[in-house]
Amino acid sequence: MNDDHDFEHATREFLDDGADRTPAATIDAVLLAIRTTPQERDLRIPWRTAPMSNPMRLVAAIAVIVVAGVAAFNLFGPSPDAGGVGAGGEPSASPSPAPTSTPTPTAAASAGVTVFPGYSDQVAPGTYLWPADGAATPADVTFTIPSGWISRFGVPHKDRDGPAEMAFGNWIIANVYADPCQWQGSALDPAVGPTVDDLAAALVAQKGRAASPPTDVTLGGYPAKRIELSVPADLDPATCDEGVMRTWNAPGDRVETWYPEEPEARGLRSGQLNVAYIVDVDGDRLIIDTWHMPGTSAADLAELDAILASMRIEP
Amino acid sequence: MDRDLVERARSGDQAAFEDLVHQVSDTLFGIARRILRDPGLAEDVLQNALVTIWRKLPHLREPDRFEAWAYRILVNACYADAPRNRLWASTVRVLPVDRASDADDFQSISDRDELEQAFRRLPLDQRAVFVLHHHAGMPLVAVADALGIPEGTARSRLHYATRALRAAFVASRARDDLREGRLA
């Protein structure tokens with residue numbers, strides 16, 4: 001058997017499988033939508049080519065101020081999302097579902113709170129929703145964030161890849177790897193038990209990560225266990241299976257992984273400090289996982305604590 | 001890509017944009033479908049991406065870069081619009097029953113199923129690089145440019161994706177050989 005040739009052939013068949021004809025209904029929907037969707041303005045200030053009189057200078061100065069103000073609104077106003085339509089770039093300005101001045105077509109969620117965008121280089125401050133989906137959270141989770149946060153894959157980040165990085169995400173954990181570095185074949189068998197205490201014990205027992213004793217807290221109105229976990233600063237990712245570190249996996253084998261050469265895709269960094277909140281939501285287990293770096297300031301950590309304090313969980 | 005068409009659409013010409021949609025939608029749909037592994041979700045993502053392209057066209061300074069720019073919007077829409085629980089939607093494969101099946105057919109189907117499962121375990125960003133490179137035929141430098149990432153990052157993601165798929169494929173073949181008694 002020629003593995004390389006067979007693999008290339010199989011990969012080619014795999015990629016060629018299926019039809020690429022766009023359904024007519026999809027095109028019709030797009031063409032209908034653009035009739036009522038204005039294009040964004042591209043503000044360009046032309047170069048001045050002729051000498052200006054004093055009155056004209058005054059008029060020009062006023063025009064520059066007006067244009068700069070509009071540009072600032074476009075850059076820092078309520079719709080900063082760079083990626084997709086209806087990706088949740090319009091937050092509610094307060095816990096009550098008050099509409100903003102430029103509503104996003106598909107932003108409405110069950111309680112009128114905007115779904116947190118999956119991808120954004122500038123998330124507007126406000127209250128957001130992670131909707132219950134059975135894969136990442138068994139219940140609706142709302143939280144309020146200030147300015148300065150971005151989104152990658154639905155996870156809020158600040159100073160991503162920087163020395164002061166911090167972030168927080170949500171998980172439903174199916175199983176835990178006993179050894180996050182040599183994880184192949186180390187998934188617990190039988191899988192980790194369903195309770196909060198089962199998961200807390202499994203995380204504390206993980207090889208190669210220092211863990212604090214679990215402490216009882218309340219998060220989002222529900223009882224939780226709080227555990228601090230660290231990634232060794234001297235961890236050599238090349239020694240880990242497939243060059244990645246894996247802590248746990250979720251239903252459907254969604255994994256928390258770390259790709260050391262790909263900061264855009266990684267989940268864990270050398271020296272990273274995690275604080276995991278294992279929440280008991282009426283018998284369902286939800287993990288709110290926060291992480292920061294040694295360089296994260298006390299002020300930023302206080303900001304993260306305030307975000308956690310704003311969380312509400314609604315089954 | 002017709003530069004004049006892009007320029008007219010950029011200026012608000014809806015008829016020009018309609019022509020543009022007809023020219024690019026199948027390509028974009030094919031990419032989204034392969035990344036997401038869910039035709040229904042790919043339709044939603046494509047729809048959102050095309051409306052975003054319309055909205056943001058005035059920001060495209062170089063009409064000749066339309067394709068790379070559109071790919072980035074599409075991939076970002078895949079990241080943004082794919083709820084996590086929908087990434088693992090199962091796809092029922094209808095097996096043909098009106099022709100004789102032989103060992104090669106079963107092997108081919110088995111290979112595709114194994115690659116499907118392994119592909120679904122890949123993160124979205126690795127899938128995007130893999131699809132743009134191997135399906136759309138883009139060189140890695142063009143993939144990196146389209147996605148706005150360093151070329152080394154694109155190369156690394158492709159490496160990890162390929163390695164994971166190959167490992168799953170080889171392991172599956174070994175299991176099949178063992179079941180059929182072909183291994184000592």
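Buried means under 20% relative accessible area, exposed over 50%, and partly exposed in between, with a 1.4 Å probe and protein chains only. This is a predicted model, in which local features need pLDDT of at least 70, side-chain atom pairs count only at pLDDT 80 or more, and totals for chains, interfaces and linings use all residues. Residues are numbered from 1 along each chain as its sequence is written, chains are lettered from A and ligands numbered from 1 in the order in which they are written, and side-chain values use heavy atoms, leaving out hydrogens and water.

**Chain A overall**
- Chain A holds five helices and 14 strands. These are DSSP runs numbered from the N terminus: helices are H or I with at least four residues, strands E with at least two.
- Chain A has 315 residues, and 48% of them count as buried.

**Strand S3 of chain A**
- Strand S3(A) spans residues 126–130. Five of its five residues are buried, so the rest of the structure largely encloses it.
- Strands pair if DSSP finds at least two bridges between them.
- S1(A), residues 114–115, runs parallel to S3(A), joined by two bridges. Here Thr114(A) faces Tyr128(A).
- S4(A), residues 140–145, pairs with S3(A) in the antiparallel sense over five bridges. Here Phe143(A) stands opposite Tyr128(A).

**Arg33 of chain B**
- Arg33(B) lies in helix H2 of chain B, residues 14–36.
- Arg33(B) is buried, because its relative accessible area is 10%.
- Contact means heavy atoms within 4.5 Å. Beyond residues up to four places away in sequence, Arg33(B) touches residues including Asp17(A), Asp20(A) and Asp38(B).
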